[in-house]
Amino acid sequence: MSRLGPERDLQEAAAVERRRQQERQRQSRIFNARLRTIGIQNVNALQSVKICGDDSFHLIDKDALDTQVKERKIQEAAERARNEEFANEMKQNDKIMCMLEERQKNDIRNINKAINEFQKNFQKPETRREFDLSDPQALKKDRPARLSDDDPRCTISGLQKFMGEDLNYDQRIKFQKEQLREWSLQQQKDLKNALADQKFADDLHDKYRIELDQKTMELQQKEEENKRTVCAATKEFNRAQAAEVAERKKLEKHQKMKDDMDEISGLLQGDLLSENPEQAVSSFGRHRVITDRWKGMNKDQLMAIRYSQKEQVLEKMRLNEEERQRDAEWDRQRLQAARAQLVLERHLERQNREYRRAVDNVNAELSREQKSKNIYLKEEEYSNFPTDQYYAQFNTTSR
């Protein structure tokens, strides 16, 4: 029987259920005031909204909207993470199913191959009991309609033998019994052969499974041996590297100690610690000295330096006085600018108060006109109020 009908019904039922689930999810998003963002195009630009018939302004809660956006992003991130986890799990399951299907196909292929080999070697067409019905050489092997009076092929419809001529009744009965016995033995033999074939196929399948498991275990053992070999080689290499590093550090330490001792000996025996005054004389002239060997100045040099320092102090005092006068001038100019700015701000505040007063008068006039218009619409135009049945037909689906 074809499986197209049930499979098609299952696919259609799955598609209907998927659409229903999508509709329920869409309704939960649209009818939820915390998640719905339809109609808000620019939150930063919409600072206030004026309601017709009322002079008050309702501000949009931007913090709540930002919180909703953050919660929505967190939900989407969690949904993506969950979908990625499901996708990875599905990929892993698909790989396992592919491996199992490939193993099943190999098992079926080997069983069919073994059955075909067995049929080719032990179940040839000429050994079948009904082979004479489809024998291509049947006409060549056929005999005449009646060879003798005892010919068992003489039937009533052949008009070769008539009632009352049953001369070989005993032989016929004996032959029929022998034929029934042969048939029974042949059926038993066929049953035994079928059972043997089934057992042989099962043995082949078990043998193949055992060989496959043994190969898998051997591959795992080889892989573990390779890992152990690599780990041992890595440990040996690291041990050799550590020994080499320790030896190099030891040699470096010994060389450093030797260099330090040579340096200490050179310093103790050099001109620096012995304070030789001639060592500070430069090769460019006696008026120049080598700074790292110089031990100090004489009295005349010290007096010249102090005189230069006094001149620098007087110059510094003069510069400070000039800077103080400049700062005082800047302070006076800033004070004048601040006074002018204060006068200008007071003038702008008076203009703004007059402008707001004019706008309030205009808004009050518009409010009175709007109230009168609403009263007219409510009492004259919109006197036919909708019933609850009219409102019940809206907001039932997400479309």
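What percentage of the contacts in the protein with a separation of 6 or more do residues 24 or more positions apart account for? The share is 39%, where a contact means heavy atoms within 4.5 Å.

**View 1. Overall fold of the predicted model.** This is a predicted model, in which local features need pLDDT of at least 70 and side-chain atom pairs count only at pLDDT 80 or more, while totals for chains, interfaces and linings use all residues. Residues are numbered from 1 along each chain as its sequence is written, and side-chain values use heavy atoms, with hydrogens and water left out. The protein has 7 helices and 4 strands, in the order α-β-β-α-α-α-α-β-β-α-α from the N terminus. Helices (H or I, at least four residues) and strands (E, at least two) are DSSP runs, numbered from the N terminus. Of the 399 residues, 5% are buried; buried means under 20% relative accessible area, exposed over 50% and partly exposed in between (1.4 Å probe, protein chains only). The accessible surface is about 36,500 Å², with 54% of it belonging to carbon and sulfur atoms (Shrake-Rupley method, 1.4 Å probe; for residues, only the protein chains shown count as cover).

**View 2. Confidence along the chain.** The mean pLDDT (the predictor's confidence in each residue, from 0 to 100) is 82, and 84% of residues reach 70 or more. Confidence is lowest in strand β1 (residues 49-50), with a mean of 37, and highest in α2, with 91. Over residues 39-59 the pLDDT is below 50, and this stretch has 20 contacts in the model beyond near neighbours in sequence.

**View 3. Helix α2, residues 62-122.** The 61 residues of α2 should span 90 Å at 1.5 Å a residue, and the end C-alpha atoms are 87 Å apart, which agrees. The expected span is 1.5 Å times one less than the number of residues. Leu65, Gln68, Asp107 and Ala114 of α2 are buried.

View 4. Rings of Phe, Tyr and Trp (its six-membered ring) pair if their centres lie within 6.5 Å; planes under 30 degrees apart count as stacked, over 60 as edge-to-face and the rest as tilted. The count by this rule is 1 aromatic pair. Phenylalanine 118 and phenylalanine 122 form a tilted pair, 5.0 Å centre to centre with 35° between the planes. These two residues are 4 apart in helix α2, so about one helical turn separates them. Phenylalanine 118 is partly exposed at 21% relative accessible area, whereas phenylalanine 122 is exposed at 59%.

View 5. In the model, residues 345-372 are 100% helix and 0% strand, with end C-alpha atoms 40 Å apart.
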